[in-house]
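This report covers one protein chain.

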Amino acid sequence: MDDDDDDQPKAGDEDGDIEIDENTIQHFEAHKGSVFCISAHPTQPLAASGGEDDLGYIWDVMHGEEIVKLTGHSDSISSIEWSHDGEMVATGGMDGRVRIWKRVGKQDWKTWTFLTELQGPDEITWLKWHPKGNVLLAGSNDATVWLWQLPSGNTMQVFAGHEGPVQAGGFTSDGRRIITGDAAGTLILWDPRTPSPIWKISPADARFGMGSGITAISTNIASTMAVVGGAEGELRVVNLAKGEVIGALEGHKEGESVEAIEFVDWSATSAVGGAASIVATGATDGKICIWDLTTMKLRTTLSHNRRPAVPDGRSSSHPGQDSITSIHASPSASGLGHHITSSSSDKTLKTWDTRSGQLLAEHRGHRGPVLAAAVGTFQEYAYVLSAGDDGAFVKMQKEKVTAEVKKVEHVVEGKSPGSGNQQARKGEDSKAAV
């Protein structure tokens with residue numbers, strides 16, 4: 001979109017109306033409060049969302065229809081995630097409850113039933129399903145991490161060893177390990193089959209130095225290294241086999257929290273030797289840094305303040321002033337694994353080509369911060385879901401981003417002022433790996 005689009009009416013004008021243009025396909029407005037989390041189904045045009053009204057919903061992306069209301073929480077739903085095959089969905093709340101729903105039958109995706117409630121943790125900070133099996137992982141505010149087998153609901157492990165709220169974590173990309181980080185700055189690698197850590201890095205380690213707290217973690221596709229972000233802008237690269245810090249990345253402003261880390265797949269479109277070692281990081285300084293971990297160097301800096309990309313690692317004289325709240329890579333199977341979509345407190349989402357730093361699309365409509373987002377695909381469609389607490393469900397846009405993309409559809413969701421919360425990650429066959 002061009003900057004002169006600012007002359008067009010849009011959500012947030014003085015009359016308070018929501019502007020729906022010809023590119024809008026649907027909006028969903030069942031929530032009666034801020035929407036804190038949203039997730040795209042892995043194969044179907046379905047979304048799951050949860051918020052401060054203590055409710056979750058499964059709904060149809062294409063038609064905006066409510067399919068099922070997810071009830072049973074007594075406090076805000078802070079995390080919602082589909083299982084690897086989309087047959088189950090989990091909600092996690094500030095009430096410490098984790099509730100599971102499952103699909104009924106095989107004819108369609110319209111019938112769902114409550115399966116079980118998982119209890120044990122305190123306030124849920126994040127949920128992650130195993131990437132290949134029906135195993136669910138949860139981080140908690142009480143410094144524990146819980147692992148359950150589904151559909152039985154049996155507790156497989158309770159991991160204890162953290163010294164503060166477990167703010168980030170998930171399965172490694174291959175599903176064989178679990179990595180978690182806490183507010184005290186401790187990073188732990190676990191074998192799902194045993195409650196004892198494989199290794200533990202404390203903030204006392206001078207090379208690690210995450211005393212301000214760990215806020216984001218992501219592992220590469222090969223599950224050989226992790227990038228860890230901190231509350232003061234720190235970024236560390238960790239060798240997972242040895243538990244050693246192998247690099248420090250300096251690109252975000254000191255004192256600005258790293259909120260999102262996402263590995264990007266260039267393998268289908270690049271002859272670059274380090275195509276599988278490209279990672280994007282976003283922070284409250286409004287910047288997205290694209291790193292090549294083969295050289296530990298910054299390739300490009302992107303900004304949500306409409307300034308152009310800064311190539312070759314040079315510092316921008318106009319750093320972004322609006323926090324990045326999430327980053328999501330397009331699915332590799334789409335052939336667009338080099339594209340990312342970022343969300344921000346500046347009320348927008350933006351889709352970028354990480355190879356060139358080119359801004360491909362700007363998605364507008366929110367009247368407040370975008371608190372959560374997700375990217376999904378269905379047939380020839382690639383769509384973006386977003387959620388906020390800006391007072392209204394805003395709009396969904398569809399645009400041709402490039403000739404490579406047949407259609408990009410943007411779903412924007414949000415409602416009523418409230419406090420925000422954002423997180424998300426993903427988590428071998430459950431019996432073999434766990």
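Glutamate 87 counts as buried, at 17% relative accessibility. Here buried means under 20% relative accessible area, exposed means over 50%, and partly exposed lies in between (1.4 Å probe, protein chains only). The model is predicted: local features need pLDDT of at least 70, side-chain atom pairs count only at pLDDT 80 or more, and totals for chains, interfaces and linings use all residues. Residues are numbered from 1 along each chain as its sequence is written, and side-chain values use heavy atoms, with hydrogens and water left out.

Arginine 103 forms a salt bridge with glutamate 87, with the closest N and O atoms 2.8 Å apart. A salt bridge is a side-chain nitrogen of Lys or Arg within 4 Å of a carboxyl oxygen of Asp or Glu. Arginine 103 sits in strand S7 (residues 98-103), while glutamate 87 is in the loop between strand S5 (77-82) and strand S6 (88-93). The two residues are 16 residues apart, and the pair links distant parts of the chain. Helices (H or I, at least four residues) and strands (E, at least two) are DSSP runs, numbered from the N terminus. Arginine 103 is buried too, at 10% relative accessibility.

Lysine 106 also forms a salt bridge with glutamate 87 (3.4 Å, N to O). Lysine 106 lies in the loop between S7 and strand S8 (112-118) and glutamate 87 in the loop between S5 and S6, so this pair ties together parts 19 residues apart in sequence. Lysine 106 is exposed, at 64% relative accessibility.

A further salt bridge joins aspartate 191 and arginine 177 (3.8 Å, N to O). Aspartate 191 is in the loop between strand S15 (187-190) and strand S16 (197-201), and arginine 177 is in the loop between strand S13 (166-171) and strand S14 (178-182), so the pair ties together parts 14 residues apart in sequence. Aspartate 191 is buried at 11% relative accessibility. Arginine 177 is partly exposed at 29%. Shared partners join Glu87, Arg103 and Lys106 into one salt-bridge network. The whole structure has eight salt bridges.

| Salt bridge | N to O distance |
|---|---|
| Arginine 103 – glutamate 87 | 2.8 Å |
| Lysine 106 – glutamate 87 | 3.4 Å |
| Aspartate 191 – arginine 177 | 3.8 Å |

Six of the six residues of strand S2 (residues 46-51) are buried, so S2 is largely enclosed by the rest of the structure. Leu46, Ala48 and Gly50 cover one side; Ala47, Ser49 and Gly51 are on the other.

Strand S1 (residues 35-40) runs antiparallel to S2, joined by five bridges. Two strands pair if DSSP finds at least two bridges between them. Serine 39 has alanine 48 in S2 as its bridge partner. A hairpin of five residues connects S1 to S2.

S2 also pairs with strand S3 (residues 56-60), antiparallel and over five bridges. Glycine 50 stands opposite glycine 56 in S3. The S2 and S3 hairpin has four residues between the strands, and aspartate 54 takes a positive phi near 70 degrees there.

## An open sheet and the whole chain

Four strands form an open antiparallel sheet in the order S17-S18-S19-S20. Strand S17 (214-219) and strand S20 (244-248) are the edge strands, each pairing on one side only.

The chain has one helix and 33 strands. Of its 434 residues, 57% count as buried.
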